[in-house]
Amino acid sequence: MSDRTPPAPATPARRPRWAALAPGLISAALVLGLWATLAAIGDDPRRLPSPLLVLGRLWALGASGELWFHTGMTLARVLAAFAVAMVAGGALGLWMGRSATADRWLNPSLVVLLNLPALVVIVLCYIWIGLNETAAILSVALNKIPVVAVLLREAGRALSPDLDDMARVFGMRPLARLRHVVLPQLAPAIAAAARSGIALIWKIVLVVEFLGRSNGVGFKLHMHFSNFDVARVLAWALAFVVVMLLIDLLILRPWQDSANRWRQDAA
Amino acid sequence: MRLELAGKQFDGRPVLGPITLELAPAQRVALLGPSGAGKTTLMRIIAGLDTRFHGLRQVPERLAMVFQEPNLLPWRTALQNITLPTGTTPDAARALLAQVGLEGRDAAWPRQLSLGQQRRLALARAFAARPQILLMDEPFASLDADTAGRMLDLTARLLDDSGAGLVLVTHDPSEAAFLRAQPLRLRGTPATLDVGEPGALPPHPRDI
């Protein structure tokens, strides 16, 4: 082992971004083509409207302002449930990962909650708490908390005892320890829980809105389902998929990348 | 510092017997013995990392430790690895970085440093805590002779400058001699301390 700085590892030449995106774009275009073909063959816009028709509906929804209001309501519920689930599930998982006693006592409840159908939790919350926002957000969070807890429990078990020793010898304060020693070790698990979590949560939020709210994308889906308006159902679904993809692309991924900066070998 | 250990067991198996260890300010001792003798166990008790023992432990307020591995925070820069655990100012940390030959590497991530550099960073971190007693657990064990020699030089210089006491765990008596640390041998099961002849300390190489 020499005392000099290790030489920079040869980095493979990076392909331009568009080249990496090409397969995804082409496969999306193929699916769109298949949809257009099937719609043309079926020739029944009430059953399977063409992509162009759906796009037109989407445009009209955007122009009337309806799109922004209901998407915003749903998004607000997604974010509220997401925050509750990440904080509560994260704290619970970390506690269970660090304390074997806590794990033994809480694990059975966690397993039950993990296997309880989302619909049961939603229905029970609406019955016990009432048809209100608290019940809606709580029922979504309850569906996600055990998933976050399990992921963070595994990460909590794998925390480095050496770094724990270091922090104790130097007398680091609990908050500094959490921020500089513990959380960075948990970051990969938190990122995984966040990305899988947001995907699961928005689907459950739509069910919650479908069953008991009077606004939001789920409520609109309920309305158009009653009228068998497939074009508008698809328009709403498409709009929200785009919103969630943007959140992943513009918020979650950049955050994950910046949290991983220290992994680079050479400056 | 004073440690009066009545005994230490692991799952009912006694590893350390009665041991009394007393250190005057700036005094240096080395715990010697073959691997498995209980050196690291004794060190962890002194450091306060192992509190399940019978006995009495009195240590000064400011302790610092250099571990077998650098034990750096890989997600914090070299400078933050000194300031965050010790609470020292960035300026003081930069001065220490310069003293251990890492001038200008403030912003480097630990992974960008060689093992020798990481160890010197760990040494700088320990002295940044302005320890009254420095604890070192086999700090030169996994280094090649060249790097180990330079680390020893650096440690000796920083110890002289700071006036800190030293408890060094090692299997190599020559390291203890170089740092002018009184050799104490851990022997037997359960292990007890065998105090070497005082006054038999070799002179510091720089005093010759």
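Guide: The crossing of H2(A) and H10(A) is right-handed. This is a predicted model. H2 of chain A covers residues 51-64, and H10 of chain A covers residues 230-259. Their axes come within 8 Å and cross at roughly 70°. Angles of 65 to 115 degrees count as roughly perpendicular, so H2(A) is roughly perpendicular to H10(A).

Now the residues. From H2(A), the contact uses Leu53(A), Val54(A), Arg57(A), Leu58(A) and Leu61(A). H10(A) answers with Ala231(A), Arg232(A), Leu234(A), Ala235(A), Leu238(A) and Ala239(A). By class, nine of the contact residues are nonpolar, two are charged and none is polar.

Next, a helix pair in chain B. Here H4 (residues 115-128) packs with H5 (residues 145-162). The angle is about 10°, and the axes lie 11 Å apart. Angles under 35 degrees count as roughly parallel, so H4(B) is roughly parallel to H5(B). The crossing of H4(B) and H5(B) is right-handed.

H4(B) brings Gly116(B), Arg119(B), Arg120(B), Leu123(B) and Phe127(B) to this contact. On the H5(B) side are Thr147(B), Met151(B), Leu154(B), Thr155(B), Leu158(B) and Ser162(B). By class, the contact of H4(B) with H5(B) has five nonpolar, four polar and two charged residues.

Chain B puts 29 residues into the contact, and chain A puts in 23. On the side of chain B that touches chain A, the elements giving two or more residues are strand E6 (63-66), helix H2 (78-86), H4 and H5 of chain B. By class, that side of chain B has 17 nonpolar, seven polar and five charged residues.

Finish with strand E6(B). In a regular strand, side chains alternate between the two faces of the sheet. Leu63(B) and Met65(B) point one way from E6(B). Ala64(B) and Val66(B) point the other way. All four residues are buried. E6(B) pairs with strand E7 of chain B, residues 133-137. The pairing is parallel and runs over four bridges. One bridge can be named: Val66(B) has Met136(B) as its partner in E7(B).

Conventions:
Residues numbered from 1 in each chain as written. Chains lettered and ligands numbered in written order. Predicted model: local features only at pLDDT ≥ 70, side-chain atom pairs only at ≥ 80, totals over all residues. Axes fitted to C-alpha atoms, helices over the stretch in contact; angles between N-to-C directions. Parallel < 35°, antiparallel > 145°, perpendicular 65-115°, else oblique. Left-handed = near helix turned anticlockwise from the far one by under 90°. Contact = placed C-beta atoms within 7 Å. Nonpolar A, V, L, I, M, F, W, Y, C, P; charged D, E, K, R; others polar. Buried ≥ 20, exposed ≤ 12 C-beta atoms within 10 Å, placed from the backbone. Pairing = 2+ DSSP bridges.
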